[in-house]
Amino acid sequence: MTPPKTSDALLKKALALDKADVLKSFKKQFHHPKHLGKNSIYFCGNSLGLMPKGVESALLQECSDWSGWGVKGHWKAENPWIDYHKPFSKLLAPLCGAKASEVVVMNSLTVNLHVALASFYRPTKKRFVILYEANAFSSDLYALESLIKLRGLNPKLCLLAVDRLDSKSIIQAIQQVGDQLALVCLGGVNYYSGELLDLKKITAAAHQVGAQAGFDLAHAIGNVPLKLHAWKVDFAVWCTYKYLNSGPGSAGGLFVHEQHGNDKSIPRMAGWWGHEQNERFGMKPGFKPMTGAEGWQLSNAPVFNMAAQRVALTLFKEAGVMTVYRKGKSMGEFFLECLTTLGTMEKKEKRLYSFSILTPLESDRRGCQLSLRIHDKKGKVLFTLLEKAGIIGDWREPDVIRLTPVPLYNSYKEIFKVAQTLCQKAYLIH
Ligand SMILES: Cc1ncc(COP(=O)(O)O)c(C=O)c1O
């Protein structure tokens, strides 16, 4: 099919895609922030996902169980608190391509990165380098630097930043560092550019030189299909407030491959909730880790924090994880098509702004997020104009607008409208 070349044809295509969309009914299951009395167009799921409508009643249920049962709620609550985290593993496993035993919900993203690094970064005299990305999210870099210092080592000697040009250059860097490499620690999808890495090949390259591979999947989980078990990824961490719609500061996730999860000799940060469940209340000295990712838990589950996540993950189950991922890919394609068509149409000289697409154009190198670089000093004004039109995206200094259509609550018509609004003011530079 040849791509539509006019604005009308694109709109027609958007409406046809919406009509055929098997997930369209899910939009109603979310609260949409208002703009001038109408639903705004929310393209910010890469930062904070929208609130599912079932969250209020889930929280009220916990309040009612707490008020009605007190401590007995650990066993008697609608969702007993003693094992509150357990169903989450089953819900999350298909989202990251893992066995349920390899996944656990706990703490928050940066804390989980520290917890994972404590186990997976065990430098020796010969093997001590951590390879990370030059434009890593600041918190990840702080975690890496601080852990290296805690080990009594010098971050300048142990940390190697690679410019994240593509997976190929990262693999070359891995091969160059060779047997000095202890760990590869990268974002699966980069928060700034939206670039998706080839985690399978990077993991294999790390293993080939005797190193391990761990990923921050904050911008990948719920956005792109993952096969962490099959790819033999050693560990991964993520937050659940972006594509997983679980609310601000919601509890994070940890994946530990079963080959490590079954190895109880791996040193770790320990807490009573990671101790053998049958003996947990024996309160005896001598930590005995549970099998699997659960063996890295520290504390009992923050029930109020996790109640929203239970609702949000159930929506993914109802929608079908692969159906969500397929729609995400198709939305990304259509967004790109709208931007490239509308951004290069005639009369572009009348537009005050210009932009280029920072995210790789190849569909296997990105998810739903498109990062647009604005080539004007007053680029932020363009972002403000989008906000005034009821479009919520986000601005990243110095010059990037991130815009993300999300399968569960956005439509193709919204994609068209966002691209149209932007391209009335800005033209695309290739
Ligand atoms: C890629 C990435 N890493 C780390 C963090 C920090 O997350 P948290 O504050 O939940 O630890 C974020 C937050 O948005 C992020 O996007």
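Let me begin with strand β10, which is joined to strand β9 (residues 235-238) by 4 bridges, the two running antiparallel. Strands here are DSSP runs of E of at least two residues, helices are runs of H or I of at least four, and both are numbered from the N terminus; two strands pair if DSSP finds at least two bridges between them. In this pairing, phenylalanine 235 stands opposite valine 256 of β10.

Before I continue, please note that this is a predicted model, in which local features need pLDDT of at least 70 and side-chain atom pairs count only at pLDDT 80 or more, while totals for chains, interfaces and linings use all residues. Residues are numbered from 1 along each chain as its sequence is written.

Strand β10 also runs antiparallel to strand β4 (residues 103-106), again with 4 bridges, and there valine 105 stands opposite glycine 253. Is β10, residues 252-256, covered or open? It is mostly covered, with 5 of its 5 residues buried; buried means that 20 or more other C-beta atoms, placed from the backbone, lie within 10 Å of the residue's own, against 12 or fewer for exposed and partly exposed in between. In a regular strand the side chains alternate between the two faces of the sheet. Here Gly252, Leu254 and Val256 point one way, and Gly253 and Phe255 the other.

Leaving aside neighbours within four places in sequence, its contacts include Cys96, Val103, Leu228, Phe235 and Ala293, a contact being two C-beta atoms, placed from the backbone, within 7 Å. Phe255 and Cys96 have the most contacts inside the largest nonpolar core, which has 128 residues. Such a core is a set of buried Ala, Val, Leu, Ile, Met, Phe, Trp, Tyr and Cys residues joined through C-beta atoms within 7 Å. This core draws at least three residues from each of domain 1 (7-30 + 320-428) and domain 2 (57-317), with bounds from an automatic or database domain assignment.

I turn now to another sheet. Five strands form an open, mixed sheet in the order β14-β15-β12-β11-β16, with β14 (394-396) and β16 (426-428) at the edges, each pairing on one side only. Within this sheet, β12 (residues 370-374) and β15 (residues 400-403) pair in the antiparallel sense over 4 bridges, and serine 371 stands opposite arginine 402.

Finally, the whole protein. Its secondary structure comes to 14 helices and 16 strands, and 45% of its 430 residues count as buried. The C-alpha trace spans about 75 × 60 × 40 Å along its principal axes.
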